[in-house]
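Here is a short report for a reader meeting this structure for the first time. Keep the sequence and the 3D view at hand while you read.

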Amino acid sequence: MNKKFAVISLAGALLLGGAVAAGAADTNGKGSNGSKKEAVQDMITVEEAKKIALSEAEGRVESIELERANGKQYYEIDIENGKEDFDIKVHALDGEVISINKRNDDDDDDQSEKEVNRENVISEQKAIEIAEKEVNGTMKEIEIDEDDGQILYEVELQSNKGEADVDIDAETGKVLKVELDD
């Protein structure tokens with residue numbers, strides 16, 4: 001009787017140990033939940049992407065979008081300097097510059113935007129944090145814009161309810177408008 005109990009106990013321990021080892025291997029390897037979380041954690045921040053882009057072209061960041069193509073994520077950063085516009089793509093995981101496209105700036109509306117003081121604005125990263133908290137979503141695009149003398153961050157997000165647009169006062173961080181697209 002004791003031998004049967006010992007054999008059954010040993011077999012149970014081996015099965016339990018195998019299950020625990022398999023579970024541990026899945027979370028440390030490329031399990032379905034682990035790898036997605038790790039990929040998000042390994043992404044460079046919007047501020048880092050902005051610094052990388054500004055090291056390639058001088059000017060003012062007009063917008064930053066997080067894009068995905070061919071299974072790879074990258075930031076697309078639009079920079080204006082009055083004479084030229086730049087579209088710079090920066091790999092979201094390692095910060096490598098993927099491409100730089102330069103074009104002449106034919107937009108005469110930029111003069112009014114240059115007169116607005118941009119020294120007292122919150123960072124893009126702070127605006128993203130505010131917007132993501134407001135709608136419980138993930139940033140897809142952020143753009144800084146001037147509207148009637150007020151500087152705004154326009155943040156487009158993806159939430160579990162669909163897309164959302166959040167306007168934030170760039171000086172105070174106050175949420176001014178939230179639009180949910182069904």
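A residue counts as exposed when its relative accessible area is over 50%, as buried when that area is under 20%, and as partly exposed in between. Asn136 has 60% relative accessibility, so Asn136 counts as exposed. The model is predicted.

Asn136 sits in the loop between α5 (124-135) and β5. The phi of Asn136 is near 55°. That is a positive value in a residue other than glycine.

**The sheet**

Strands can pair in two ways. In general, they do so through backbone hydrogen bonds, either parallel or antiparallel. Here eight strands form an open sheet, and the pairing is antiparallel. The order is β4-β3-β2-β1-β5-β6-β7-β8. The edge strands, β4 and β8, each pair on one side only. From one strand to the next, the twist averages 20°.

Two of the pairings can be followed in detail. Strand β5 (residues 137-147) runs antiparallel to strand β6 (residues 150-159), with ten bridges between them. One point to find in the view is Ile142, whose bridge partner in β6 is Val155.

The other pairing is that of β3 and β4, antiparallel over seven bridges. Asp85 has Arg103 as its bridge partner in β4. The hairpin of β3 and β4 has five residues between the strands. In this hairpin, Gly95 takes a positive phi near 80°.

A helix lies over part of the sheet. Helix α3 (residues 46-56) lies across β1, β2, β3, β4 and β5. Its angle to β2 is about 55°.

**The nonpolar core**

The largest nonpolar core has 33 residues. Which of them touch the most other members? They are Tyr75, Ile77, Tyr153 and Ile168. Two or more residues each come from α3, β1, β2, β3, α5, β5, β6 and β7. Of these elements, α5 gives the most, with five residues.

Ile168 shows how such a residue is surrounded. Leaving out residues up to four places away in sequence, Ile168 touches, among others, Ile122, Ala127, Ile130 and Ala131. Its contacts also include Ile151, Leu152, Tyr153 and Val155. Gly173, Lys174, Val175 and Leu176 are touched as well.

**Salt bridges**

Charged side chains come next. Side chains of opposite charge can pair when their charged atoms come close. How many salt bridges does a search of the whole structure find? The search finds ten. Three of them are listed here.

| Salt bridge | N to O distance |
|---|---|
| Glu80 and Arg60 | 3.3 Å |
| Lys102 and Glu84 | 3.5 Å |
| Asp167 and Lys177 | 3.6 Å |

Take the pair of Glu80 and Arg60, joined by a salt bridge with its closest N and O atoms 3.3 Å apart. Glu80 lies in strand β2 (residues 72-80) and Arg60 in strand β1 (residues 60-69), so this pair ties together parts 20 residues apart in sequence. Glu80 counts as buried because its relative accessibility is 14%.

Next is the salt bridge between Lys102 and Glu84. Lys102 is in strand β4 (residues 97-104) and Glu84 in strand β3 (residues 84-91), so this pair links distant parts of the chain, 18 residues apart. Is Lys102 buried or exposed? At 56% relative accessibility, Lys102 is exposed. Glu84, at 23%, is partly exposed.

Asp167 is part of strand β7 (residues 162-169) and Lys177 of strand β8 (residues 175-181), so the pair ties together parts ten residues apart in sequence. Asp167 is buried, at 14% relative accessibility. Lys177 is partly exposed, at 40%.

Some salt bridges share partners. Through them, Arg60, Glu62 and Glu80 are joined into one network.

**A buried histidine**

His91 lies in strand β3. With a relative accessible area of 15%, His91 is buried. Its side chain reaches the backbone nitrogen of Leu93 at 3.1 Å. The side chains of His91 and Asp94 are joined by a polar contact of 3.3 Å.

Which residues are in contact with His91, leaving aside neighbours within four places in sequence? They are Ile44, Lys72, Gln73, Tyr74, Glu96 and Ile98.

How values were computed:
Residues are numbered from 1 along each chain as its sequence is written. This is a predicted model: local features need pLDDT of at least 70, side-chain atom pairs count only at pLDDT 80 or more; totals for chains, interfaces and linings use all residues. Side-chain values use heavy atoms; hydrogens and water are left out. A salt bridge is a side-chain nitrogen of Lys or Arg within 4 Å of a carboxyl oxygen of Asp or Glu. Helices (H or I, at least four residues) and strands (E, at least two) are DSSP runs, numbered from the N terminus. Buried means under 20% relative accessible area, exposed over 50%, partly exposed in between (1.4 Å probe, protein chains only). A polar contact is a pair of N or O atoms within 3.5 Å; within protein, one must be able to donate a hydrogen and the other to accept it, and residues adjacent in sequence count only if both atoms are side-chain atoms. Contact means heavy atoms within 4.5 Å. Two strands pair if DSSP finds at least two bridges between them. Axes are lines fitted to C-alpha atoms, for helices over the stretch in contact, and angles run from 0 to 180 degrees between N-to-C directions. A nonpolar core is a set of buried Ala, Val, Leu, Ile, Met, Phe, Trp, Tyr and Cys residues joined through side-chain atoms within 4.5 Å.
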